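Visitor: I would like to learn how to read a fold like this one. Can we go through its features in turn?

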Amino acid sequence: MTDTSRRNFLEKTALAGLGTLASANILPKEMEQRMLIHHVFFWLKKPGSVEDRKKLAEGLQSLKAIPTIRQFHIGYPASTEKREVIDNSWDVSEVMFFEDTAGQKVYQDHPIHQAFVQNYSHLWAKVVVYDAMDI
């Protein structure tokens with residue numbers, strides 16, 4: 001067997017093995033698609049404005065129509081006990097779950113998301129985003 005045909009054989013065998021693992025759903029964790037969690041915190045230009053908070057939440061609701069979002073939640077700061085590690089200085093948050101980074105990219109570029117930013121960004125003074133991958 002020549003080096004070229006041996007290399008082709010090894011490549012095809014490796015690909016076939018990966019295909020078998022993928023179909024059996026036992027790929028190593030680092031080769032699986034991992035869920036992406038997108039958590040966004042908004043600080044309003046008018047802190048504490050109930051009207052602006054409602055408007056922003058309504059705008060966020062429109063994002064649910066983006067097909068790559070698997071789970072979606074909008075929230076306001078909870079009135080839990082005050083502790084040094086709790087930051088409740090924000091006004092509105094959203095949490096979205098995507099199957100993978102590709103789904104989150106579709107969301108970022110989607111016309112509904114672009115329209116949301118254009119139509120509601122006048123309400124917020126600051127936005128902080130935390131993206132995390134499943135382990």
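Predicted model: local features only at pLDDT ≥ 70, side-chain atom pairs only at ≥ 80, totals over all residues.

Visitor: Is Phe41 buried or exposed? And Tyr130, buried or exposed?

Guide: Relative accessible area decides. Under 20% is buried and over 50% is exposed. Phe41 has 14%, so Phe41 is buried. Tyr130 has 52%, so Tyr130 is exposed.

Visitor: Why is the pair of Phe42 and Trp124 called tilted?

Guide: Because the planes of Phe42 and Trp124 stand at 50 degrees, with the ring centres 5.0 Å apart. This pair also links distant parts of the chain: Phe42 is in strand 1, Trp124 is in strand 4, and 82 residues separate them. Both Phe42 and Trp124 are buried.

Visitor: Which residues do ring pairs link into a cluster?

Guide: Phe42, Phe116, Tyr120 and Trp124.

Visitor: Now the sheet. How do strands hold on to each other in general?

Guide: Strands of a sheet pair through backbone hydrogen bonds, parallel or antiparallel. Here, four strands form an open sheet in the order 2-3-1-4, and the pairing is antiparallel.

Visitor: Which strands stand at the edges?

Guide: Strand 2 (69-75) and strand 4 (124-133). Each has a single partner strand, so one side of each lacks a neighbour in the sheet. From one strand to the next, the twist averages 15 degrees.

Visitor: How many bridges join strand 1 to strand 3?

Guide: Seven, with strand 1 (residues 36-44) running antiparallel to strand 3.

Visitor: Where is Glu94, and what does Glu94 touch?

Guide: Glu94 lies in strand 3 (residues 92-98). Leaving aside residues up to four places away in sequence, its contacts include His38, Val40, Phe42, Leu60, Phe72, Ile74 and Tyr107.

Visitor: How far from Glu94 is the nearest side chain of opposite charge?

Guide: That side chain is Lys64, 11 Å away. Glu94 is buried, yet has no salt bridge.

Note on methods. Residues numbered from 1 in each chain as written. Heavy atoms only, no water. Helix = DSSP H or I, 4+ residues; strand = E, 2+ residues; numbered from the N terminus. Buried < 20%, exposed > 50% of the residue type's maximum accessible area, 1.4 Å probe, protein only. Lys, Arg positive; Asp, Glu negative; His and termini not counted. Salt bridge = Lys/Arg side-chain N within 4 Å of Asp/Glu carboxyl O. Contact = heavy atoms within 4.5 Å. Pairing = 2+ DSSP bridges. Axes fitted to C-alpha atoms, helices over the stretch in contact; angles between N-to-C directions. Phe/Tyr/Trp six-rings, centres within 6.5 Å; stacked < 30°, edge-to-face > 60°.
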